[in-house]
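Dear colleague,

I am handing over the structure we spoke about, with the sequence alongside.

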Amino acid sequence: MSRLLVEFDIEIKDRKCIENVAADHLSRIEIDESSDDSEVDDNFPGETLMEINPKNEPWFADFANYLVADIIPKGMTYQQKNKFFSDLKHYFQEEPHLFKVCSDGMIKRCVSGPETRTILDQCYHGPTDRHYGPNVIAKKVLDSGFYWPTIIKEAYTLVQLCEACQKQGNISKRDEMPLNNIQVCKIFDIWGIDFMGPFLKSHKFEYILVAVDYVSKWAEAQALPTNDARVVITFLKKLLCHFGMPKSLIND
């Protein structure tokens, strides 16, 4: 330091400590008089501070390193190197992500680490809080545009750790509640038709023929003097001309 200051015309003045409010930090370090300065501790507690842990690297690090900087992983055998370049054909880099072209031709973004658990949790719960099975979870992950090699394995683990799924998973078909088929139909596809009566005659009418749509519950009714097939056919002609041809008519 003194050599650097030779070329300058300087004057050094001593300042009392009481006037030096911006004192050097080193002058404020407390000295432990009981310590032995002759022994120096060579152990550096932070010697692994800048150490790179390979376990924290994503599973696709070798593919990304080669695509970005042409870095080939070290220590690979001839067979491993052939497999590496064979698998590499399905990957491409588009900053900042790595993508894979899957067997179905769809492009998926490669993910790893905590992000995979977040994606699994999102795909695990249905919109009605229903829990999906591992195969459905894996399909939902792929349909969402994400990929990592252990999707199915992690999905099975997620289901096995879910208490609600384990309670329901042991129910056999014999113990399940009976399920009734739900017929899917549109408005005016299915009509129910029936006679009401006989009633006391009113202006020669004794019966009422009623048709009800199964979906909208819309009702059509007509007072009739009899309940024979002739009046039913006349009623149905008017009904079908107005509402169109249904898929089925239900009566007794």
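What follows is a short account of what was found, going from the whole chain to single residues.

Please keep in mind throughout that this is a predicted model. The protein contains 7 helices and 8 strands, and buried residues account for 21% of its 252 residues. Of the contacts between residues at least 6 apart in sequence, 43% join residues that are at least 24 apart.

The helices H3 (residues 114-124) and H4 (residues 134-143) have axes that come within 9 Å and cross at roughly 115°, which makes H3 roughly perpendicular to H4. The crossing of H3 past H4 is right-handed, and the residues that meet there are Ile-119, Leu-120, Cys-123 and Tyr-124 from H3 with Ile-137, Lys-140 and Val-141 from H4.

The axes of H4 and H5 (residues 151-160) come within 8 Å and cross at roughly 130°, and these two helices are therefore oblique to each other. Here too H4 passes H5 in a right-handed crossing. On the H4 side, the residues in contact are Pro-134, Asn-135, Ile-137, Ala-138, Val-141 and Leu-142, and they meet Ile-151, Ile-152, Ala-155, Tyr-156 and Val-159 of H5.

H3 and H5 also pack against each other, with axes that come within 11 Å and cross at roughly 60°, so that H3 is oblique to H5. Their crossing is right-handed, and it brings Thr-116, Arg-117, Leu-120, Asp-121 and Tyr-124 of H3 into contact with Glu-154, Ala-155, Leu-158 and Val-159 of H5.

**Cysteines**

How many disulfides does the structure hold? There are 0, and for Cys-102 the reason is one of distance, because its sulfur is 7.9 Å from the closest cysteine sulfur, that of Cys-110, which is too far for a bond.

Is Arg-109 buried or exposed? Although it carries a side chain that makes a polar contact of 2.6 Å with the side chain of Glu-115, Arg-109 has a relative accessible area of 17% and is therefore counted as buried, the cut-off being under 20%. Arg-109 sits in strand S3 (residues 107-110), and beyond its neighbours within four places in sequence it is in contact with His-97, Leu-98, Phe-99, Glu-115, Gly-145, Phe-146 and Tyr-147.

Leu-88 belongs to helix H2 (residues 78-88) and is buried, at 9% relative accessibility. Leaving out residues up to four places away in sequence, Leu-88 touches Phe-63, Tyr-66 and Leu-67, while its C-alpha is 9.5 Å from that of Asp-62, a residue 26 places away in sequence.

Ile-250, in strand S8 (residues 248-250), is partly exposed, with a relative accessible area of 36%. Apart from neighbours within four places in sequence, Ile-250 is in contact with Ile-190, Trp-191, Gly-192, Ile-193 and Tyr-214, and its C-alpha is separated by 9.5 Å from that of Ala-211, 39 residues apart along the chain.

**Backbone details to check by eye**

Most residues other than glycine have a negative phi, and most peptide bonds are trans, so a few places deserve a look. The peptide bond from Glu-95 to Pro-96 is cis, with omega near 5°, and Pro-96 is in the loop between strand S1 (91-94) and strand S2 (97-101). A cis bond also leads from Gly-197 to Pro-198, again with omega near 5°, and Pro-198 is in the loop between strand S5 (190-196) and strand S6 (207-213).

Positive phi values are found at Asp-70, where phi is near 55°, and at Phe-188, where it is about 65°; neither residue is a glycine. Asp-70 lies in the loop between helix H1 (61-69) and H2 and is exposed, with a relative accessible area of 58%, whereas Phe-188 lies in the loop between helix H6 (163-169) and S5.

Key:
Residues numbered from 1 in each chain as written. Predicted model: local features only at pLDDT ≥ 70, side-chain atom pairs only at ≥ 80, totals over all residues. Heavy atoms only, no water. Disulfide = S-S within 2.5 Å. Helix = DSSP H or I, 4+ residues; strand = E, 2+ residues; numbered from the N terminus. Buried < 20%, exposed > 50% of the residue type's maximum accessible area, 1.4 Å probe, protein only. Polar contact = N/O pair within 3.5 Å; in protein donor to acceptor, adjacent residues only side chain to side chain. Contact = heavy atoms within 4.5 Å. Axes fitted to C-alpha atoms, helices over the stretch in contact; angles between N-to-C directions. Parallel < 35°, antiparallel > 145°, perpendicular 65-115°, else oblique. Left-handed = near helix turned anticlockwise from the far one by under 90°.
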